[in-house]
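Please keep the sequence and the 3D view open as you read.

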Amino acid sequence: MSCNTGLKPALSERLFAAAQEISSLTHIDIGSDHAHLPRYLLETRKVRHMIVVEKHALPFARAKEALKGYNADLRFGDGLHVIKAGEGDSLSITGMGAQTIIKILAEPEKVPPSLVLQANDKPELLRTWALEHSYALKNETMVTGFWPYTILSLEKSKLADPSYDGLEPELALKFGPLLLKTGDPILYETLNKQAKHYGKKLAKPWAQKRLELIQKALRYYD
Ligand SMILES: C[S@@+](CC[C@H](N)C(=O)[O-])C[C@H]1O[C@@H](n2cnc3c(N)ncnc32)[C@H](O)[C@@H]1O
């Protein structure tokens, strides 16, 4: 499935935020589709060389067209299957479901030390994956768009991730330890919207539990 709308070639706020987290010699982008992100990274010299992976024919053709004349190596295939260990210094996967992203990352020896991940849903699954695979959070950014998106910037680390220090684990995983600690305004807005939404569904026990968690997170803004 492709998410290309055929509309504007410029970077969305979401991809712009992801791009700000990337700076490396060889960067791998998996599931590039229109290749807006790889092209921007090359144009702005944030990366010297790109490896672009696409598993569907139409998006692959789009990426090829967009990257004509750029220092990019395009590979048709499934995620890390077409990557050798050590080929990239950093990697991004954006605009997919968290479970799809985690499935792509399931070849640990090929995952570079620096990652930028943006899931369209459940960023908590990516935070859990990072903790389980010794990646520490370097930065978390939230942007508004079709819905609020969270961009995670991660670095391989032998130490326990200090971002979680002093926070309730369930809360930090769900909403983002760095976003909570910095009092991120987009998270604040999102929490208020969600509190209103779940407040209307209180007859359902799951909604009540959600609302309690949201209210706990909102207390960080007091
Ligand atoms: C929704 S688009 C996201 C495009 C771009 N990354 C963005 O954030 O706007 C997802 C793209 O990832 C590709 N894709 C999904 N799973 C993939 C995999 N395992 N390997 C390579 N490409 C994949 C799809 O073909 C599709 O073009």
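β6 and β7 form a hairpin, with 5 residues between the two strands. Helices (H or I, at least four residues) and strands (E, at least two) are DSSP runs, numbered from the N terminus. This is a predicted model, in which local features need pLDDT of at least 70 and side-chain atom pairs count only at pLDDT 80 or more, while totals for chains, interfaces and linings use all residues. Residues are numbered from 1 along each chain as its sequence is written.

Another pair, β1 with β4, runs in the parallel sense over 4 bridges. The table sets the two pairs side by side.

| Strands | Sense | Bridges | Source of the pairing |
|---|---|---|---|
| β1 (residues 24–30) and β4 (residues 90–96) | parallel | 4 bridges | DSSP |

Within these pairs, Ala-136 stands opposite Glu-155 in β7, and Ile-30 stands opposite Ile-93 in β4.

Now to the helices. Helix α2 (residues 36–43) is mostly covered, with 6 of its 8 residues buried. A residue is buried if 20 or more other C-beta atoms lie within 10 Å of its own, exposed if 12 or fewer, and partly exposed in between, with C-beta atoms placed from the backbone. The buried residues of α2 are His-36, Leu-37, Pro-38, Arg-39, Leu-41 and Leu-42. Their cover includes α1 (13–19), β1, β2, α3, β3 and β4. Just after α2, Arg-45 takes a positive phi of about 60°.

Which residues touch the most other members of the largest nonpolar core? They are Ile-101 and Leu-117, in a core of 52 residues. Strand β2 (residues 47–54) gives the most to this core, with 5 residues. Such a core is a set of buried Ala, Val, Leu, Ile, Met, Phe, Trp, Tyr and Cys residues joined through C-beta atoms within 7 Å. Not counting residues up to four places away in sequence, Leu-117 touches Ile-93, Ile-101, Leu-126, Leu-152 and Leu-154; contact means C-beta atoms, placed from the backbone, within 7 Å.

Ile-151 lies in strand β7 and is buried, because 24 other C-beta atoms lie within 10 Å. The C-alpha atoms of Ile-151 and Leu-117 are separated by 5.9 Å, although the two are 34 residues apart along the chain.

For the whole chain, the secondary structure comes to 9 helices and 7 strands. Of its 222 residues, 38% count as buried. Along its principal axes, the C-alpha trace spans about 55 × 40 × 30 Å.

Definitions and conventions. Contact = placed C-beta atoms within 7 Å.
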